[in-house]
Amino acid sequence: MGQLPNLLLAGLSTGSVYALVALGFNVIFKSTGAINFAQGEWVMMGGMVAAAGHAAQWPLGLAVLLAVVTVMVTGILSERVILRQLARPGPLVVTLVMIAIAICTKSLVMLVLGKNPASLPGFSGSTPIDWGGLRIHPQTLWIIGITCLVMVGAHAFFERSILGRAMRAVAAQPEAAALCGIDPRMAMALAFALAAATGALAGAIITPLTLTSFDYGTVLGFKGFSAAMLGGMGSLPGALVGGILLGSLESLAGGLISSHFKDAVAFLALLLTLFLRPAGVLGKGEVERV
Amino acid sequence: MNAGRIARASLLAVSALLFAPFALAQGAIRIGSILSVTGPAAFLGEDMKAGMELAIEEINAKGGVRGRKIDWFFYDAESQTQKGLTATRRLIDQDKVDAIVGGGNMSGMAIAMLGLTERAGLPFMSTEGAMDIVTPVTERQWTFKSTADDEQVMERLADYFAKKGIKRVAFLGDSSGFGQSAAGQLKKVAAARGLDVLYESFNPSDTDMMPQLGKIKDSGVQAIICWTVTPAGVVFLKQAQQLGLDSRLTLIHSYGFVDQRYMQLAGDAAKNLLLISVKFPVGADLPDTDPQKARIMTLTRAFEAKFKRKPNQFVAQTYDAIYLTRNAIERAGGTDRAKVRDALAETRNWAGVGGVFNFAADRHSGLSKDDLVLVNFRDGSFHLADYK
């Protein structure tokens, strides 16, 4: 059982990444009701752009900033150039269009940045910290720390700021929000910018540990989607809970049962949750007030 | 009468001599090739295609095979088995080739293709890795391959472990066909050689191997063998270093990981790593007595002159495959398919670039464990670490 703390730590670190990806899903779900299947590709693109920036001798911080800005612009352009042209941007249509955008994003990254896997150095080196027998990669602490900050920031934004509350209003009742002077299009553009930026940040901070390559996005997207479903689609604390739950389950299943069943156990847990609590652990379910 | 017969016989002989070259040159020899130069498997395809191009150009520059030039029909399978099968049908029915060399640089595709070539009774020289391409031989009468079998690779590793007194090892293979077929072969070899093996696996797309490594760390093994061709192998190296395993245990990667890009990504996490490989990447380090050394050096020079970059072991794989086929056609005296097949099966002690090939009627895979070495990565290139 000596490895239990190690397993939990590994779960916490992978789980934080899943949580960041799930956050992107939730932000877009909140404002459009659609599932953004390009989220995983944005994470991949963030990692690839940061790595390319670093390879071009940019300082690390600037390379990460470059990644966040580039992907954010991609997100905004996807919304403005493609989604805004849709005659009826209902949730199903947006979801389908996002799958197309995901495939295009992946191909674009492959054509521009190449097929080779890329990496970044750790933000504070890669000498493991020895913490009473636990060996921790410093990047793990960066990942957990940044995830916490982003989560708190997102929570404050949606609960306290005018913009955040406006976005929630649009999601809840577009017509009423428009009558109050909120532009639903603006809210949607903002949601895409936010989701793309968090995705890019997630991609940049995990690359020192996991590497990245043009074909990494799909799996990350599915894991993030699972985490969002597990925690409850649309719930910000749900993203955090779902992500960490999924990461820990995977890690414990891999370490205590067998690595052959790692993914099976995680997805089984997801299925069970959906059977027993269809809205997710922290989801509220759909209540229509008459 | 006697004189007349002699005269007639000599007339026949003279005319045979006179017309022989024309009679033999019944048009060109048609060789078809299928590789994936686009799609996910493309990172191997370009180099493998270049190896074939070079071999065919050399053969034709020297006058071809028995005076017949080689006509080469190449198709890109785009890493999709369906496209590979369409191209195979086209090679058989439309281009009417005499042999196919290269099976899409994906083992699964080569296995799908051989269903068609076996039925057509067409010699097929695969340049892919999996052992299932040539076993069971009763169902693979027309199929050969120019790569080493995992069985021989595992035997070579067992030899190394015996030499170093290593008895307990962990095998960490990815869940693809590449990793799992190697695990199957290791199980057989380990039972025969008295190795105690802990089997763990991971997905090719995994980005965290801490659970597996934690388990391996606690199990007290002396070596870890990792089997993958994906960047997950770099994560393995980095996390093993994080746990301090790289300085305590022997870490081994497969021949599929002998790639400079991966070594550069792993950085100093790869400093104690060994890789099992054909001799090609360490040609310059080989002793002069080695039968491959001169051949590797010659190919390297010719390749650099033509393509202005360094060749790798995948180039050798296809270069040898073309020459094996060419030699069989020469010995068969033409392109009669059954004769070419038999001539291939009779290839003995032919020193190619990848190793010394020995085929037999019941063994359609030519390389053996003697063609494999252990290499490491120091100062930006691969070096010989264990020779025989």
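Analyst: A crossover is right-handed if, with the strands pointing away from the viewer, the path from the first strand over the helix to the second runs clockwise. Helices (H or I, at least four residues) and strands (E, at least two) are DSSP runs, numbered from the N terminus. This is a predicted model, where local features need pLDDT of at least 70, side-chain atom pairs count only at pLDDT 80 or more, and totals for chains, interfaces and linings use all residues. Residues are numbered from 1 along each chain as its sequence is written, while chains are lettered from A and ligands numbered from 1 in the order in which they are written.

User: Which hand has the β-α-β unit of β1(B), helix α2 and β2(B)?

Analyst: Strand β2 of chain B covers residues 70-76 and runs parallel to β1(B). Helix α2 (residues 42-61) of chain B belongs to the unit with these two strands. The unit is right-handed.

User: How many bridges join β1(B) to strand β3 of chain B?

Analyst: Strand β3 spans residues 99-103 and runs parallel to β1(B). In this pairing, I34(B) faces G103(B). The bridges number three.

User: What share of chain B counts as buried?

Analyst: Chain B has 12 helices and 14 strands. Its C-alpha trace spans about 95 × 45 × 45 Å along the principal axes. Of its 388 residues, the buried share is 53%.

User: How many residues of chain B are in contact with chain A?

Analyst: Two residues are in contact if their C-beta atoms, placed from the backbone, lie within 7 Å. Chain A brings 25 residues to this interface. The largest share of that side, four residues, comes from α1(A). On the chain B side, the number is 24.

Terms used. Two strands pair if DSSP finds at least two bridges between them. A residue is buried if 20 or more other C-beta atoms lie within 10 Å of its own, exposed if 12 or fewer, and partly exposed in between; C-beta atoms are placed from the backbone.
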